[in-house]
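Me: I have a structure open here and would like to go through it with you. Could we begin with the aromatic rings?

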Amino acid sequence: SDLTQTFLYKLSQSNSLSYFTHVIILSSTEDGFVPYHSARMEIPPSVSQNNDTPLSKAYIEMAKNIELQIKNVHLIRLDINFNLKKSIGADAAFGRICHILFLDNAGFCDMFASLYADYFQL
């Protein structure tokens, strides 16, 4: 199938991020739902080193499309570590815990909103 016809590829071509003054990207190596480099909108080393496959080419093109959109945007990439101990259950098994903690953890949300309040001003 043609990867350039996928929703995510077409989204990378849109101009949506250029409408923002600030973009804050939150990522975590503990997140089992979203690959770390995807969350950070970066090209992983494995793709850079093996860039001759259709998937690698599409990934690199998407990253470059996004890069063009954010050239005039103040971009902050934050790595979050929730320091999760061994967890039991389906959420832990599927890596879901960290993924939902970004929004479900009131303490984290309060701290984030306080530390980066200036970026939310109109």
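Me: How many aromatic pairs does the structure hold?
Reply: The structure holds 7 aromatic pairs. Rings of Phe, Tyr and Trp (its six-membered ring) pair if their centres lie within 6.5 Å; planes under 30 degrees apart count as stacked, over 60 as edge-to-face and the rest as tilted. In Phe112 and Tyr116 the ring centres are 5.3 Å apart and the planes stand at 35 degrees, so this pair is tilted. Tyr116 and Tyr119 also form a tilted pair, because their centres are 6.0 Å apart and their planes are at 35 degrees.

Me: What should I know about the source of these values?
Reply: This is a predicted model, in which local features need pLDDT of at least 70, side-chain atom pairs count only at pLDDT 80 or more, and totals for chains, interfaces and linings use all residues. Residues are numbered from 1 along each chain as its sequence is written, and side-chain values use heavy atoms, with hydrogens and water left out.

Me: Which residues do the ring pairs link into a cluster?
Reply: The cluster consists of Phe82, Phe102, Phe108, Phe112, Tyr116, Tyr119 and Phe120.

Me: Is Phe112 buried or exposed?
Reply: Phe112 counts as buried because its relative accessibility is 15%. Buried means under 20% relative accessible area, exposed over 50%, and partly exposed in between (1.4 Å probe, protein chains only). Tyr119, at 27%, therefore counts as partly exposed.

Me: Which residues make up the largest nonpolar core?
Reply: That core has 10 residues: Ile76, Leu78, Ile80, Phe82, Cys98, Leu101, Phe102, Phe108, Phe112 and Tyr116. A nonpolar core is a set of buried Ala, Val, Leu, Ile, Met, Phe, Trp, Tyr and Cys residues joined through side-chain atoms within 4.5 Å. At least two residues of this core come from each of strand E2 (74-79), helix H6 (96-104) and helix H7 (106-115). Helices (H or I, at least four residues) and strands (E, at least two) are DSSP runs, numbered from the N terminus.

Me: And what does Leu101 touch?
Reply: Leaving aside residues up to four places away in sequence, Leu101 touches Phe82, Leu84 and Phe108. Contact means heavy atoms within 4.5 Å.

Me: Changing topic, which helices do the buried residues of H4 pack against?
Reply: They pack against helix H1 (7-13) and helix H3 (45-49). Among these buried residues are Ile60, Ala63 and Ile66.

Me: Last one: where is Met41 found?
Reply: Met41 is in the loop between helix H2 (36-39) and H3. Its phi is near 55 degrees, a positive value in a residue other than glycine. Most residues other than glycine have a negative phi.
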